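Q: I am new to this structure and would like to learn how to read its features. Can we go through them in turn?

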Amino acid sequence: MRDKEGLLVGLEIHQQLAIPTKLFCACPPVKTDEFPYHFERRLRPSQSETGRLDPAAVFEYAKGRSNRYYWSPESACLVEADEEPPHPMSGAGLEAALLVGTVLGSQLVDEVHVMRKIVIDGSNTGGFQRTAVVGLGGSFEVNGGRVGVQSVTLEEDAARILGEDSESRHFALDRLGVALVEVSLDPVRGAPEHVGEVALHLGRLLRSTGRVARGLGTIRQDLNVSLAGGKVVEVKGVQKLNLLPRVVEYERKRQSMLIGVAEKLREKGIRKVSCRHRDVTSLLGASSSGVVRRAVSEGGVVHCIAADGLAGLLGWEPEPGVRLGKELAEVARANSLGGVIHSDEFERQGLTGAEAAALAGAMGADHECALILVAGRSEAVSRVVPLVEARAAEAPSGVPPETRAATDSGETRYMRPRPGSQRMYPETDIQDIEVGDEVRRRLEREAPLPWTESVERLQRAFTLSRDLALKVYDSETTGEFEALAARLGLEPSFIASVLVDLPARLEREGVPESAVGLGPLTASLEAVAAGKVAKEALPEVLKASAEKGVTVDQAIRSLGLGVVTEEYVSRVVREVVGRQTKLVAERGEDAFSPLMGEAMKELRGKADGSMVARLLRRELGLARSGEGSTGQNGG
Amino acid sequence: MGDLSGYKGGALRLLRDAGASIGDVIEIRTDFGTVTGTLVPRYLYGDGEHVVLKLKSGYNVGLGLSGLAKAKVLSKGEKPSFSPPASPRAAKGLPRVLILGTGGTIASRVDYRTGAVSPAVTAAELDSLVPELSEIAKVQPELLFEVFSENMTPQHWTRLAKRAAKAVGEKFDGVVITHGTDTLGYSAAALSFALAGIPIPVILVGSQRSSDRPSSDAPLNLVAAVTVAAEGSFSGVYVAMHLGESDDKVAFHGGTRVRKNHTSRRDAFSSIGVPLAAVFGRSGLEHVAEGLPARGGSFKPRPKFDGRVALLKFYPSMPGGLVRAARRSGVKAIVIEGTGLGHVSREVSSELGRFVKAGGLAFMTSQCINGRVDLSVYDTGRDLLHVGVQPLEDMLSETALVKAMWVLGTGASGSKARELMASNVAGEITARTFPG
């Protein structure tokens, strides 16, 4: 089905670079929580030479909202406040981006030209983002297939949104200007899962350079998704890799629904959806519908849009969770207005049959005509009604080109129209930068091993499973792992699983992953190596250490887990066997497992399991043959 | 041959051989493969070794000649045709405001194809960029000249003053002058003297962030300036710029007491030693200082300036020879910016004395910016008074320079000139100094 639908997905990965400053000023790229200063700005669309304005820019400006920016000298300066020209581009940032280009086999440009890309949703104080192409083309392999690279771009990150209300959007300036490398890939065909694999692979490739930042929020994926016969939809801000396939799948079914609506209209011979609207507040003043009542009680208004030909299509849901009606509501919500309901859901929304009939009468609507109610503050309703009408009128053309945002649940929601091509012009405050041959040669020398080779080397050198080797590579503790394996003389696979599996396991048990850092993990491994505690006790020890905020050694002591002598273990084992002579007599060797369980109940964390098993086998041998404790077979 | 502005050397030859012009879509074969894009102009100081293409994605990239084999024109570029927006609504009964352009691009369009920025020159263009204006006034833009503000001369001040004075007879309710910010303070002072007593407001306005960017401070400054020019209750010459970092308030500074005190911030301009003349906010004019001259009355412009004045800043170890050099260059008056209350070294003091003896005029201001000079407190000051250096109270150095040019321009000399320098013509001297 997907092939028939012609699903194409272009992936753009934005990865923060690990450099000490922002891209165009000396501020450190750190997160700030307290902002002593703020200011307020309005952005307006700038006009192009042809007299045209960018549709996305006009959309944002029409919202009439101002932007409030909060900042601290800890993480921002006048450059971020758009009160000082940018400083020269960070050399470290440029080199890191060029190295990424080198690793991807891109053609590095000979002269880097910084551009201003108009973005007036307020996330950039200047109203544009500074961005520069550093490499063109290139490719890498994923599972034997080749994925093409379109471009490698060095750009500054946007301000962090803190919240929004009907008057303004609120942004923090700490993230504004942080250096990102963006890798845009050729569109790939095929299953949504494949997109996830491509992203995972590319993420590893970027990390292999050692020049990219780690941790949550340092990598972000944008998607360009299209189906045959539809337009390209841009989905912004997929934070987690595992959401990628879900977002792609959601877009596929959403766009497929929109194409379906267009087909249905075509079948009916409807080429154009015309709309008209009027104020119906007085007509619905007494309605018991929640949406209407809320608007009216707050002194707002209700307008009704009649959209010819859309009856039955607003609530049509060919696959779960995708309906044209939802799209209209999202357009309103992008303009801070929540009250939109349509005739396919009148009953569910508490409108009576009589009210629906009165509306139809007032609007002169026939049975092919859908009704859409827009309720809220008068000013917002007047602003939103034409936008909802415009979106309804787009139904016959299928998928409109839009910019959408990915949600945490793997869906997407409408943000704004797609920007036009007329929104990029040179950043005249920054001089062009020549990339000399010397730099190229040096970067080629510095290019790291492909990550696949690094993983294979881990597998071979430490006899790890591929899965474990990959986990070590992904957790970016390869260096620490290798050092510990060399130093502690423990089984490498045990060290690896403690480093990469244990934190996740503890998180499932309610211990935050951040509380189990490399420090405690190393200390606990050292304790095992020194014979201070048994392997089996590590989860308990680390949990106690994190929860009580004490060192690993203190946790071992407080849990009474100090390792005991072989003599003590022998005694416990002997006691267990002594208590269960009947079981031993009945089941012989098969009594080993239940007895081992019982012994470990007393000895878990105090003694190594293999020692307990050895002593138990010896004891059982004794118990069975009566040879006494001088017997030699340790099993 | 087509336009290949900015290209030289090998790059120029390659492009010329291919018959390419700026704006053409060309294909360039490189060692790596083919790159296609629109040819964009090269900057004045760019080398001759790179060709700059704008890719379909909108990005510009520079490609080095060493890897370039061949350039081929795929399609000739079309000049972007600007479809002028509809003319402003015919607004009846609105005040009339003359907007004089001097070269600062307070409202401009961007050519996304080449990156060029061009100013709005007609009322229709201005209206399409700042539509609020046509609701405030019937504006008539006029481009008087196009110079960077650092290239402004007394001749430009004269032309500006004459045009603004003419606007009174043409029944304009006010004049707005768009101006680069670097020398905005000097021009404001010049017009304050030349147009002293003008019955309408004359507002100089600039922007610290260029008008091609969405965050420009130009539109709000312009809206505030046009509002005051149209309906302000007071007359005279003022500078309108942002009051703070936010796009919410615009400050109006008296033309002789304003100074640019920051290189880049929106609120770079300050009123020195006097309160703000007015503040424009969300609800219009929110504050107007007491004692501003009302509209109306008769006046006679005195738009002439004599540029033969030097402004020297005294510094430790300053050689007296600099004063001699100024005299030899034909300067008729020197404004010396002294330290503290108005002091210079003994050497410079004697040279100034010689200059005065030879018929020159010497005036003292302070490099402290804030406060008043006083040559009676220390011996150094008394020596300066003795040799004929005239203290200028709390007049700003830049204003003093411009005023001296204006005084000479009126034809005054000797004691007449000194008298005019000491009198308060346009608010340049205050009688009392206040805290802050």
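A: Start with contact, which here means heavy atoms within 4.5 Å. By that rule, the contact between the chains takes 51 residues from chain A and 49 residues from chain B. This is a predicted model, in which local features need pLDDT of at least 70 and side-chain atom pairs count only at pLDDT 80 or more, while totals for chains, interfaces and linings use all residues. Residues are numbered from 1 along each chain as its sequence is written, chains are lettered from A and ligands numbered from 1 in the order in which they are written, and side-chain values use heavy atoms, with hydrogens and water left out.

Q: How much area is buried between chain A and chain B?

A: Buried area is the accessible area (1.4 Å probe) that two parts lose on being put together, summed over both. For chain A and chain B the figure is about 4400 Å², and carbon and sulfur atoms give 49% of that.

Q: How many salt bridges are found across the interface of chain A and chain B?

A: Side chains of opposite charge can pair when their charged atoms come close. The rule asks for a side-chain nitrogen of Lys or Arg within 4 Å of a carboxyl oxygen of Asp or Glu. It finds seven salt bridges across the interface of chain A and chain B, and the count over all chains comes to 80. One pair joins A:Arg44 to B:Glu132, with the closest N and O atoms 2.6 Å apart. B:Glu132 lies in the loop between α2 (123-129) and α3 (133-136) of chain B, and A:Arg44 in the loop between β2 (37-41) and α2 (55-62) of chain A. Helices (H or I, at least four residues) and strands (E, at least two) are DSSP runs, numbered from the N terminus. Another salt bridge links the side chains of A:Asp82 and B:Arg213, at 3.4 Å from N to O.

Q: Into which domains is chain B divided?

A: Domain bounds come from an automatic or database domain assignment. Chain B has domain 1 (9-75), domain 2 (96-288) and domain 3 (309-422). The centres of domain 2 and domain 3 of chain B, taken over C-alpha atoms, are 31 Å apart. Contact joins 13 residues of domain 2 of chain B to twelve residues of domain 3 of chain B. These two domains of chain B bury about 1200 Å² between them, with 70% of it on carbon and sulfur atoms. On the side of domain 2 of chain B, the residues that lose the most area are B:Tyr186, B:Phe193 and B:Arg259, together 49% of what that side buries. B:Arg259 also forms a salt bridge with B:Glu398, at 3.1 Å between the closest N and O atoms. The interface of domain 2 and domain 3 of chain B has two salt bridges by the rule.

Q: And which domains make up chain A?

A: The division gives domain 1 (2-232 + 422-426), domain 2 (274-400), domain 3 (451-558) and domain 4 (566-625). Between domain 3 and domain 4 of chain A, the centres over C-alpha atoms are 30 Å apart. Five residues from domain 3 of chain A and six residues from domain 4 of chain A make the contact. About 370 Å² is buried between these two domains of chain A, and carbon and sulfur atoms give 56% of it. A:Ala534, A:Glu536 and A:Ala537 supply 78% of the area that domain 3 of chain A buries against domain 4 of chain A. The count of salt bridges between domain 3 and domain 4 of chain A is zero.
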